[in-house]
Amino acid sequence: MTLPASSTPSAGATTPSINVNTPGTNTYTVTVTDDCGVTNTASATVTIEPAPTANLTGTGFFCQDVPGSVNLTLTLTGLAPWEVTYNTPNGEVTETFFSTPAIITVTDPGSYSLVSVSSQNGCTGTVTGNVNLTEFNVN
């Protein structure tokens, strides 16, 4: 937003524009005074979503030739729902999660790692966590 030089945004700035980057919902007011001394005020409410995060954790193992599964835990922050992409031994998977923590049940040994997370409004965030599940040969 570009404002005339004689305007004053409520954020305390004296420049013709302001940058807003604080997560949450805030109302900003701009007061403009023209050369005749007439003052006008306008307000805008801005919502900035916190960046989402995703963390994958879990432990377990598989026994060769024995059906089984392991539950991995996915902890998410930010606004739901979240779209999460993760690597599996069989390739990349993208799922939508509506609550946290979420459980991902896997049935194959190997490495599982997060690739990306985005929130309901398309904001991208950071991912952490890698789980390696070993298969043991039982004779």
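## A polar contact between two threonines

The side chains of Thr-85 and Thr-94 are joined by a polar contact of 2.9 Å. A polar contact is a pair of N or O atoms within 3.5 Å; within protein, one atom must be able to donate a hydrogen and the other to accept it, and residues adjacent in sequence count only if both atoms are side-chain atoms. The structure is a predicted model, in which local features need pLDDT of at least 70 and side-chain atom pairs count only at pLDDT 80 or more, while totals for chains, interfaces and linings use all residues. Residues are numbered from 1 along each chain as its sequence is written, and side-chain values use heavy atoms, with hydrogens and water left out.

Thr-85 belongs to strand β7. Strands (E, at least two residues) and helices (H or I, at least four) are DSSP runs, numbered from the N terminus. With a relative accessibility of 8%, Thr-85 counts as buried; the term buried means under 20% relative accessible area, exposed means over 50%, and partly exposed lies in between (1.4 Å probe, protein chains only). Setting aside residues up to four places away in sequence, Thr-85 touches Glu-92, Val-93, Thr-94, Leu-114, Val-115 and Ser-116. Here a contact means heavy atoms within 4.5 Å.

## The protein as a whole

The secondary structure consists of twelve strands and zero helices. Of the 139 residues in the protein, 23% are buried. Among contacts with a separation of 6 or more, 51% are between residues 24 or more positions apart.

The protein exposes about 8,500 Å², of which carbon and sulfur atoms supply 51%. Accessible areas come from the Shrake-Rupley method with a 1.4 Å probe, and for residues only the protein chains shown count as cover.

## Two cis peptide bonds

Most residues other than glycine have a negative phi, and most peptide bonds are trans. A cis peptide bond joins Ala-80 and Pro-81, with omega at about -5°. Pro-81 is situated in the loop between β6 (70–77) and β7 (82–88). The peptide bond from Thr-100 to Pro-101 is also cis, and its omega is near 0°. Pro-101 occupies the loop between β8 (91–97) and β9 (102–106).

Ser-118 lies in strand β10 (residues 110–118) and is buried, with a relative accessible area of 15%.

## The loop between β5 and β6

Asp-65 lies in the loop between β5 (61–63) and β6. The phi of Asp-65 is near 65°, a positive value in a residue other than glycine. Asp-65 counts as exposed, because its relative accessibility is 74%.

Val-66 is found in the loop between β5 and β6, and its relative accessible area of 48% makes Val-66 partly exposed. Gly-68 is placed in the loop between β5 and β6 and is partly exposed, at 34% relative accessible area. Gly-68 touches Phe-62, Val-106 and Thr-107, when residues up to four places away in sequence are not counted. From C-alpha to C-alpha, Gly-68 and Pro-109 are 9.9 Å apart in space, and they are 41 residues apart in sequence.

## The aromatic pair and a surface patch

A search of the whole structure finds one aromatic pair. Phe-61 and Phe-136 form this pair, which is edge-to-face, with 5.6 Å from centre to centre and 70° between the planes. Phe-61 lies in strand β5 and Phe-136 in strand β12 (residues 130–136), so the pair ties together parts that are 75 residues apart in sequence. Rings of Phe, Tyr and Trp (its six-membered ring) pair if their centres lie within 6.5 Å; planes under 30 degrees apart count as stacked, over 60 as edge-to-face and the rest as tilted.

Phe-136 is partly exposed, with a relative accessible area of 44%. Val-66 and Phe-136 are 70 residues apart in sequence and 10.0 Å apart in space, C-alpha to C-alpha. Phe-61, Phe-136 and Val-138 form a nonpolar patch on the surface, with about 320 Å² of accessible area together. Patches are made of residues with over 30% relative accessible area and no salt bridge: like charges are joined within 9 Å, and nonpolar side chains (Val, Leu, Ile, Met, Phe, Trp, Tyr) within 5 Å. A salt bridge is a side-chain nitrogen of Lys or Arg within 4 Å of a carboxyl oxygen of Asp or Glu.
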